[in-house]
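Okay, thanks for coming, everyone. Let me put the structure up on the screen, and then I'll walk you through it.

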Amino acid sequence: MQTRAAILWEPHTDWSVEDIELDPPKRGEVLVKLAASGLCHSDEHMVTGDMALPPEIAELMGISQFPVIGGHEGAGIVQEVGEGVTDLAVGDHVVFSFIPSCGKCPSCRKGQSQVCDLGAFLLGGRQFTDQTARHHTKDGKDLGTMVALGTFSPYTVVAVESCVKIDDDIPLEKAALVGCGVTTGWGSAVNAADVQPGETVVIYGVGGIGTAAVQGAALAGANQIVVVEPVEWKREKILEFGATHTAASQEEAFFLVQQLTNGAMADKAILCVGTAKGEHVGQMMSMIKKCGRAVVTSVAPMLDDQVTMNLFEFAMQRKELVGCIFGNANPAVDIPKLLALYKSGKLKLDEMITTEYTLDEINQGYQDMRDGKNFRGLIRY
Ligand SMILES: [Zn+2]
Ligand SMILES: [Zn+2]
């Protein structure tokens with residue numbers, strides 16, 4: 001079939017919205033008509049090159065990352081199922097999980113499907129089954145898809161392992177956010193940081209992920225939630241999501257947390273800024289108390305390997321530093337759980353969507369993200 005998609009031909013260029021050809025689903029795959037796609041920062045990391053492999057390394061790995069159809073935060077309705085698909089049927093409502101779960105690999109079997117072995121195929125953006133493409137340009141060139149999804153298109157073909165079936169009565173354009181940002185942020189607080197009732201939690205950066213992390217920390221019973229965020233309107237608005245205090249900078253936050261905790265400092269700190277840098281780790285480690293925990297959720301440039309922090313304090317004060325992917329969540333269980341929280345009014349999704357765009361407005365959407373204008377931007381189809 002013919003459809004349209006926003007394609008990134010190479011890093012440091014704009015998204016190009018073009019007509020494309022989409023093949024029918026093959027074995028283990030489904031064709032999905034999307035309702036919406038969130039504009040997550042990870043696609044921006046493809047644009048800036050943070051998440052692009054150097055061409056010589058990509059070639060060594062046999063991966064061609066570009067051109068790629070972006071987008072990995074989507075939800076829609078199954079239109080057609082490929083051979084052998086028994087878990088999903090035409091008409092089912094699904095959220096895409098940006099990390100697939102096969103249910104069979106050692107990680108999935110240990111209940112750690114956020115690191116499912118199928119993740120090894122995500123950078124190449126081809127179908128898991130046979131490593132070929134279902135998406136092509138008008139003149140027949142194969143297109144990759146961001147994490148084998150490609151939600152910057154009103155239609156896409158994906159593997160069943162990337163789909164989580166949800167109830168029909170949940171608005172799909174809200175559910176889309178749970179496919180990445182909400183689960184990532186919520187899980188950063190609830191799973192990775194393991195926030196406990198009464199704790200003081202510091203959250204750095206409130207875009208889509210940070211906004212969900214604040215809500216996760218609040219739901220887990222944190223007493224004080226301090227948001228560090230340079231954009232003024234976000235500092236005001238985030239109080240409606242459960243933040244109790246805000247600061248514009250690390251320095252301001254440090255003295256505030258010192259004051260709030262009688263000098264003991266925070267129990268937990270979570271990094272949700274647009275791009276992680278080595279210096280952020282030292283800042284977070286100085287913000288937490290003895291036996292406190294710092295969580296790195298933000299994506300850093302792939303080849304960065306420099307981190308500074310005080311190693312004496314790290315050991316002598318028994319501090320913990322924890323990595324986090326997809327909120328260390330289990331999508332098949334946690335996506336329906338979060339949508340149930342949304343249905344009962346305990347998780348705010350509507351309020352997270354600051355601006356809606358058409359597919360053709362995608363570059364404006366990302367410019368608005370760079371300018372700090374959105375918690376989350378959303379493409380509506
Ligand atoms: Zn994302
Ligand atoms: Zn697996």
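Let's start with a pair of strands: β12, residues 224–228, runs parallel to β13, and three bridges join them. Within that pair, Val227 sits opposite Thr246 of β13. When I say strand, I mean a DSSP run of E with at least two residues, while a helix is a run of H or I with at least four residues, and both are numbered from the N terminus. Two strands pair if DSSP finds at least two bridges between them.

Quick housekeeping before we go on. This is a predicted model, where local features need pLDDT of at least 70 and side-chain atom pairs count only at pLDDT 80 or more, though totals for chains, interfaces and linings use all residues. Residues are numbered from 1 along each chain as its sequence is written, chains are lettered from A and ligands numbered from 1 in the order in which they are written, and side-chain values use heavy atoms, with hydrogens and water left out.

Back to the strands. Which sheet do β12 and β13 belong to? An open one of six strands, in the order β13-β12-β11-β14-β15-β16, with parallel pairing. At the edges stand β13 (245–247) and β16, each with a single partner strand, so one side of each has no neighbour in the sheet. On average, neighbouring strands here are turned by 20 degrees against each other, direction ignored. For angles like that, axes are lines fitted to C-alpha atoms, for helices over the stretch in contact, and angles run from 0 to 180 degrees between N-to-C directions.

Two helices to look at on this sheet. α5 packs on it, touching β14, β15 and β16, and its direction makes about 145 degrees with that of β15. α6 packs on the sheet too, touching β11 (200–204) and β12, with its direction at about 170 degrees to that of β11.

Let's stay with α5 for a moment. How many of its residues are buried? It's 10 of 12, so α5 is mostly covered; buried means under 20% relative accessible area, exposed is over 50%, and partly exposed is in between, using a 1.4 Å probe and protein chains only. Among the buried ones are Val182, Trp186 and Ala192. The buried residues of α5 pack against α6 (208–219), β14 (266–271), β15 (288–296), β16 (320–323), α11 (331–343) and β18 (376–380). Contact, by the way, means heavy atoms within 4.5 Å. Just after α5, look for Asp194, which takes a positive phi of about 55 degrees.

Now along the sheet from there. β14 and β15 run parallel, joined by five bridges, and Leu271 stands opposite Val296 in β15. Between these strands the chain crosses through helix α9 (residues 278–287), and this β-α-β crossover is right-handed. Right-handed here means that, with the strands pointing away from the viewer, the path from the first strand over the helix to the second runs clockwise.

Okay, metals. Which residues coordinate the zinc ion that is ligand 1? They are Cys40 (SG), His72 (NE2) and Cys180 (SG), at 2.0 to 2.2 Å. Donors are N, O and S atoms within 2.8 Å of the metal (3.2 Å for Na, K and Ca), and water is not among the atoms, so sites may look incomplete. The two cysteines link distant parts of the chain, 140 residues apart: Cys40 is in the loop between β3 (29–39) and α1 (41–48), and Cys180 is in the loop between α4 (172–175) and α5 (181–192). Cys40 is buried at 1% relative accessible area, and Cys180 is buried at 3%.

The zinc ion that is ligand 2 has Cys102, Cys105, Cys108 and Cys116 around it, each through SG, at 2.3 to 2.4 Å. Their spacing in sequence is C-x2-C-x2-C-x7-C. This site is tetrahedral, with angles of 104 to 117 degrees among the four donor atoms; four donors count as tetrahedral if all angles lie between 85 and 135 degrees. Cys108 and Cys116 are both buried.

Last stop, the barrel: five strands close up in the order β1-β2-β7-β8-β4, with mixed pairing. One of the pairs is β1 (residues 2–8) with β4 (residues 68–69), antiparallel over two bridges.

Conventions:
Tetrahedral: all angles 85-135°; square planar, octahedral: opposite > 155°, others 65-115°.
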